[in-house]
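Visitor: Could you walk me through this one while I have it open on my screen? I will jump around a bit.

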Amino acid sequence: MHDNLLQRGKEIKLAVFDVDGVLTDGKLYFLVDGSEFKTFNTLDGHGIKMLIKSGVRTAIITGRTTAVVERRAKNLGIQHLYQGREDKLVVLDELLSELGLDYSQVAYLGDDLPDLPAIRRVGLGMAVANADAFVREHAHGITQARGGEGAAREFCELIMRAQGTLEAAQAAYL
């Protein structure tokens with residue numbers, strides 16, 4: 001693992017996730033009645049729960065609005081949910097002001113151009129393995145896993161490893 005990423009992860013107090021292409025595989029599924037469904041990875045979900053338990057706050061910022069994302073965020077205990085918001089930096093400005101944090105204390109995991117301003121601005125800005133090439137080029141790091149296939153878990157564990165909380169979280173299951 002790159003030492004620079006671990007160094008960047010030490011000061012993280014807030015981890016922010018995009019949804020489509022990050023917490024999901026990026027595919028949009030529409031049923032005949034017009035409703036939408038998404039598939040989420042349980043490994044990612046448990047990683048987010050461990051990260052929250054370690055003391056890092058979490059947020060979702062997504063351009064789309066669906067009830068299933070609200071339900072998933074609630075099930076995982078994600079503290080801050082922003083849907084239907086394309087300008088992620090405006091949302092981050094609001095949230096950081098509310099929490100009394102600055103950008104150096106934020107980690108962001110994204111996959112596409114709307115995520116890029118946030119990825120470039122935060123202390124630890126990462127892209128999933130199958131992110132847009134331009135986004136990958138400008139991220140601090142790239143996960144080995146693809147979006148919806150363990151990338152969020154990898155991101156969470158990187159932050160926990162940097163902060164020295166991962167081994168204790170894993171040892172609780174031994």
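Visitor: What does the side chain of Thr-24 reach?
Guide: This is a predicted model, and in it the side chain of Thr-24 reaches the backbone nitrogen of Gly-26 at 3.1 Å. Thr-24 belongs to the loop that runs between strand 1 and strand 2 (29–30).

Visitor: Is Thr-24 buried or exposed there?
Guide: Its relative accessibility is 1%, and because the cut-off for buried is under 20%, Thr-24 counts as buried.

Visitor: And which residues is Thr-24 in contact with, leaving aside the neighbours within four places?
Guide: Thr-24 is in contact with Val-19, Lys-38, Thr-39 and Phe-40, and also with Gly-147 and Gly-148, once the neighbours within four places in sequence are left aside.

Visitor: New topic: where is Asp-111 found, and what does it touch?
Guide: Asp-111 sits in the loop between strand 6 and helix 5, and at 15% relative accessibility it counts as buried. Not counting residues up to four places away in sequence, Asp-111 touches Asp-18, Asp-20, Gly-21 and Val-22, together with Val-128, Ala-131, Asp-132 and Val-135.

Visitor: What about Leu-113, buried or partly exposed?
Guide: Leu-113 lies in the loop between strand 6 and helix 5, and at 46% relative accessibility it counts as partly exposed. Its contacts, not counting residues up to four places away in sequence, are Asp-132, Phe-134 and Val-135. From Leu-113 to Leu-166 the C-alpha to C-alpha separation is 31 Å, and the two are 53 residues apart in sequence.

Visitor: Okay, on to helix 4. Which of its residues are buried?
Guide: The buried residues of helix 4 are Lys-88, Leu-89, Val-91, Leu-92, Leu-95 and Leu-96. They cover an arc of only 150 degrees around the axis, which puts them on the same side of helix 4.

Visitor: So what do those buried residues pack against, and what is on the face turned away?
Guide: The buried residues of helix 4 pack against strand 1 (14–17), strand 4 (57–61), strand 5 (80–82), strand 6 (106–110) and helix 5 (116–121). The face turned away from that buried side carries the exposed residues Ser-97 and Glu-98.

Visitor: How far does helix 4 reach, and what is at its start and just after it?
Guide: Helix 4 covers residues 88–99, twelve residues in total, and reaches 16 Å from its first C-alpha to its last, close to the 16 Å expected at 1.5 Å a residue. At its start, a side-chain oxygen of Asp-87 comes to within 3.3 Å of the backbone nitrogen of Leu-89, and just after the helix Gly-100 takes a positive phi of about 70 degrees.

Visitor: Which residues touch the most other members of the largest nonpolar core?
Guide: Those are Phe-17, Leu-92 and Ile-159, in a core of 55 residues. The largest share of this core is eight residues, and it comes from helix 7 (residues 151–163).

Visitor: How many residues of helix 7 are buried, then?
Guide: Ten of its 13 residues are buried, so the helix is mostly covered. Among them are Phe-155, Cys-156, Leu-158, Ile-159 and Met-160. The buried residues of helix 7 pack against helix 1 (3–9), strand 1, helix 2 (42–53), strand 6, strand 7 (124–127) and helix 8 (166–171).

Visitor: And what is Ile-159 itself in contact with?
Guide: Leaving aside its neighbours within four places in sequence, Ile-159 is in contact with Gly-9, Ile-12 and Ala-15, with Leu-51 and Val-56, and with Ala-107 and Leu-124.

Visitor: Last one, stepping back: how many helices and strands does the chain have?
Guide: The chain has eight helices and eight strands, and buried residues make up 49% of its 174 residues. A compact globule with 174 residues would have a radius of gyration near 16 Å, and the chain, with 15 Å, agrees with that.

Key:
Residues are numbered from 1 along each chain as its sequence is written. This is a predicted model: local features need pLDDT of at least 70, side-chain atom pairs count only at pLDDT 80 or more; totals for chains, interfaces and linings use all residues. Side-chain values use heavy atoms; hydrogens and water are left out. A nonpolar core is a set of buried Ala, Val, Leu, Ile, Met, Phe, Trp, Tyr and Cys residues joined through side-chain atoms within 4.5 Å. Buried means under 20% relative accessible area, exposed over 50%, partly exposed in between (1.4 Å probe, protein chains only). Helices (H or I, at least four residues) and strands (E, at least two) are DSSP runs, numbered from the N terminus. Contact means heavy atoms within 4.5 Å. The expected span of a helix is 1.5 Å times one less than its number of residues. The arc is that of the directions from the helix axis to the C-beta atoms. A polar contact is a pair of N or O atoms within 3.5 Å; within protein, one must be able to donate a hydrogen and the other to accept it, and residues adjacent in sequence count only if both atoms are side-chain atoms. The radius of gyration is taken over C-alpha atoms; the globule rule is 2.2 Å times the number of residues to the power 0.38.
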